[in-house]
Amino acid sequence: MLLRENIYDRLRSDILCCRFAPGDEMREQDLAERYEVSRQPVRDALLQLQREHLVTVQPRQGYRVTPISLSDARDLLRFRLALEPACVTEAIESAPDSVLKSLDEFRRFSGNHEDFIAYNRGFHSALAHASGNRRMATALCDLIGQADRLVRVSISNLRGHDPAKLVGEHVALIDAMQRRETRTAARIIKAHIGATEKRVLPALKRNAVIVEEKSS
């Protein structure tokens, strides 16, 4: 892998994992020292991240991790609500039994909040890849990664965050998929994502690094 791709992947991961929090300022020289590279691959990575709206340029000051707006968070979750049920449907219609059986590893969870974020990302990424549709899977995995950032920012404010309940929803979805019950699975995944929006958006609204964009 080329050096600039390594730096892009590492920097993007650090932003999505909130090692760089929304609103943090970043300078090319500081990042070059952090990753032990020259400034050029850092600059290339920042420009790519700017195109993804994860970084904004501050004239004569450097860069800033883009704050999360409620409207963007809402848009992301609504896009996921449109895309993930389609991936689930594709998986039910096309995936071999062995692929659906492999989802059994997500029937149980133990650990802390950070462990749950990794478990949850793994489960929803597995759903994406089970679809067998490379383009849909790539788009959904990107959404899931960016949703991690929303959850990390909001998690200190989340009330009633019950991993057992969420794992139970995953198990119900796995059951429906393995029985190839398309309508039941679609209903479960839509309700699951809808509940995420209702849980996360109010928590985000209470967080100081969230900005609400003004309507024009």
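Here is a guided walk through this predicted model, from its overall fold to its core, its aromatic rings and its charged pairs.

A few ground rules come first. Residues are numbered from 1 along each chain as its sequence is written, and side-chain values use heavy atoms, with hydrogens and water left out. As the model is predicted, local features need pLDDT of at least 70 and side-chain atom pairs count only at pLDDT 80 or more, while totals for chains, interfaces and linings use all residues.

Let's begin with the fold. The chain holds nine helices and five strands; these are DSSP runs numbered from the N terminus, with helices being H or I of at least four residues and strands E of at least two. Read from the N terminus, the order of elements is α-β-α-α-β-β-β-α-α-α-α-α-α-β. The accessible surface is about 11700 Å², and carbon and sulfur atoms own 49% of it; areas come from the Shrake-Rupley method with a 1.4 Å probe, and for residues only the protein chains shown count as cover. Of the 216 residues, 46% are buried, where buried means under 20% relative accessible area, exposed over 50% and partly exposed in between (1.4 Å probe, protein chains only).

Now step inside. The largest nonpolar core has 23 residues, and Val88, Leu127, Leu173, Met177 and Ala185 touch the most other members. Such a core is a set of buried Ala, Val, Leu, Ile, Met, Phe, Trp, Tyr and Cys residues joined through side-chain atoms within 4.5 Å. Helices α4 (70-94), α6 (113-130), α8 (163-178) and α9 (182-205) each give two or more residues to this core, and α8 gives the most, with seven. Beyond its neighbours within four places in sequence, Val88 contacts Leu127, Leu173, Met177, Ala185 and Ile189.

The rings come next. The whole structure contains five aromatic pairs: rings of Phe, Tyr and Trp (its six-membered ring) pair if their centres lie within 6.5 Å, with planes under 30 degrees apart counted as stacked, over 60 as edge-to-face and the rest as tilted. Phe106 and Phe123 make an edge-to-face pair, 5.6 Å centre to centre with 65° between the planes. Because Phe106 sits in the loop between α5 (97-101) and α6 while Phe123 belongs to helix α6, this pair ties together parts 17 residues apart in sequence. Both Phe106 and Phe123 are buried. Phe106, Phe109, Phe116, Tyr119 and Phe123 form one aromatic cluster.

Finally, look at the charges. There are 15 salt bridges in the whole structure, each a side-chain nitrogen of Lys or Arg within 4 Å of a carboxyl oxygen of Asp or Glu. Arg12 pairs with Asp142, their closest N and O atoms 2.2 Å apart. This bridge links distant parts of the chain, with Arg12 in helix α1 (residues 3-16) and Asp142 in helix α7 (residues 134-154), 130 residues apart. Arg12 counts as buried at 16% relative accessibility, whereas Asp142 is partly exposed at 28%. Within helix α4, Glu84 and Arg80 form a salt bridge at 2.8 Å, N to O. Being four residues apart, Glu84 and Arg80 are separated by about one helical turn. Glu84 is buried, with a relative accessible area of 0%, and Arg80 is buried with 5%. Elsewhere, salt bridges that share partners join Lys101, Asp104, Arg107 and Asp175 into one network.

Conventions: Contact = heavy atoms within 4.5 Å.
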